[in-house]
Amino acid sequence: MSTVIKVENLSKRYYLSHQQKENFPTLRDAITRTASNLGRRLLHPLRASSGQPLEGLDSTEEFWALDDVSFEVKQGDRVGIIGRNGAGKSTLLKILSRITEPTKGRVSIKGRVASLLEVGTGFHPELTGRENIFLNGAILGMTRVEIKRKFDEIVDFAEIEKFLDTPVKRYSSGMYVRLAFAVAAHLEPEILIVDEVLAVGDAQFQKKCLGKMEEVGKEGRTVLFVSHNLSAVRRLCARSLWIDRGQVSFLGDTEKTIQSYLSSSIPMKEGIVKFKEQQDKPAYISSVELLDEGNNAQSSFLVNQLVKVKVTFVANRRFTLWRVYVDLKNPDGTIIFSTTTQDNRDVCPIERGIYSASLIIPSQLLLEGPYLLSVAFGEPPTKRHDYHENAIVLNLCGTSFVFDRKIGFLSFPFEWELEDELDDKERC
Ligand SMILES: Nc1ncnc2c1ncn2[C@@H]1O[C@H](COP(=O)(O)OP(=O)(O)O)[C@@H](O)[C@H]1O
Ligand SMILES: [Mg+2]
């Protein structure tokens, strides 16, 4: 397959005098920015918010949102882009969509690009929905006839029929995103770029969009998809790019990319996480380990291996009632199960000491993928003495063939019965 996007040594510099900021500025960012703007206003009263580099200010005022980024995308690839807030994902998509210029480096793109960036780009606010559909089609180089052919599909998909002749500035953000997505996905771009705006829509619409993107990808078009919803990225994209602080941290198979992204945010080595001593508490968890059947600690397992989650805790006094709690989530935060030491036995009282409780997750229970385990130690009915959310990442790797690939959460080998309805005998 031919390369359709080639990004070479791409860098983007912003100056901190910029006042607009997207996504979710942290309080610290806001304070730093306000302070630096204030300083600047005092120094340069007329140029305070020009957004340009200011003479006489030191170089720490500049900020590289992208720093030497290189990668290639082949035709028909569906590539996920993941990373923390502020990592540079939207900046990258804006450069690829030619909304903003790179400071250094090169981008070559073969084919028509349609992008769905954050609300506020792409549509003309004074024009109606109908007019914007035609405008966007024209920008993509389509003829009026071609656009007309797609028009009804777009309106249907976006569910905005009643508002077609209303200027889009009166749309709610949900309606706006629905129309913007419908336009971008239906106007047959060769490359479809989608930023995490989908988060605005409701769950049902998000599902519909993911389905549409899948379809677009199957038609051989190229899709770039930024999302915090790691399950959606897994479903849609075979390859993913992890951007961290403006740089490419990992590019490859989506599972591996997600795995390294998740592991990086959690201090973990070889399937064990240790926590600091808390002698002031009645009890605390000192470590969590992931062990295989032979008690070897590791962080990746095959779906058909059992996994022991060993939680070691220190009791600083006697407990008559106590529980260790474990819950397991998928990367987007959905809890797949939760369990406590009380599930299959009455725990006996414990004296002051160090103990461990091991949860056994049976083989073939869960589907492949990364999971997050949270652990807690509590004293019923109400006291939770220690809690570590997302304490450790468990990676389950698949063994199935592509055509046997399951979706959902469970890998459980369900029983099937096969009968020959004509012969009334059991087969196979
Ligand atoms: N127009 C701008 N002016 C100044 N800084 C910006 C601008 N746009 C983005 N940034 C900064 O660049 C960094 C990367 O932003 P962005 O690409 O939006 O990250 P992401 O989409 O990964 O959350 C952030 O620190 C952000 O504050
Ligand atoms: Mg963003």
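Begin by selecting Arg317, which is partly exposed at 31% relative accessibility. The model is a predicted one, and every value quoted on this tour is computed from it.

**First stop: the partner of Arg317**

The side chains of Glu379 and Arg317 form a salt bridge, with an N to O distance of 3.0 Å. This pair joins distant parts of the chain: Glu379 belongs to strand 17 (residues 369–379), whereas Arg317 lies in the loop between strand 13 (307–315) and strand 14 (323–329), and 62 residues separate the two. Colour the pair by accessibility. Glu379 has a relative accessible area of 14% and is therefore buried, the limit being under 20%. Arg317, at 31%, is partly exposed.

**Second stop: helix 4 and a loop**

Next, select Glu188 and Lys150. Their side chains also meet in a salt bridge, at 3.0 Å from N to O. Here too distant parts of the chain are linked: Lys150 sits in helix 4 (residues 144–158), and Glu188 in the loop between helix 5 (173–186) and strand 6 (191–194), 38 residues apart. Which of the two accessibility classes, buried or partly exposed, applies to Lys150? Lys150 is buried, with 16% relative accessibility. Glu188, by contrast, is partly exposed at 32%.

Move to Glu219 and Arg221, whose side chains form a salt bridge with an N to O distance of 2.9 Å. Glu219 is partly exposed, at 47% relative accessibility. Arg221 has a relative accessible area of 17% and counts as buried.

Select Lys6, Glu72 and Lys74 together. These three residues are connected in a network of salt bridges. As a general point, side chains of opposite charge can pair when their charged atoms come close.

**Last stop: the cysteines**

Finally, turn to cysteine. How many disulfides does the model contain? The count is zero, where a disulfide would require a pair of cysteine sulfur atoms within 2.5 Å. Two cysteines may be selected for their surroundings. Cys209 is buried, with 0% relative accessibility. Cys348 reaches 53% and is exposed, because the exposed class covers values over 50%.

Definitions and conventions
Residues numbered from 1 in each chain as written. Chains lettered and ligands numbered in written order. Predicted model: local features only at pLDDT ≥ 70, side-chain atom pairs only at ≥ 80, totals over all residues. Heavy atoms only, no water. Salt bridge = Lys/Arg side-chain N within 4 Å of Asp/Glu carboxyl O. Helix = DSSP H or I, 4+ residues; strand = E, 2+ residues; numbered from the N terminus. Buried < 20%, exposed > 50% of the residue type's maximum accessible area, 1.4 Å probe, protein only.
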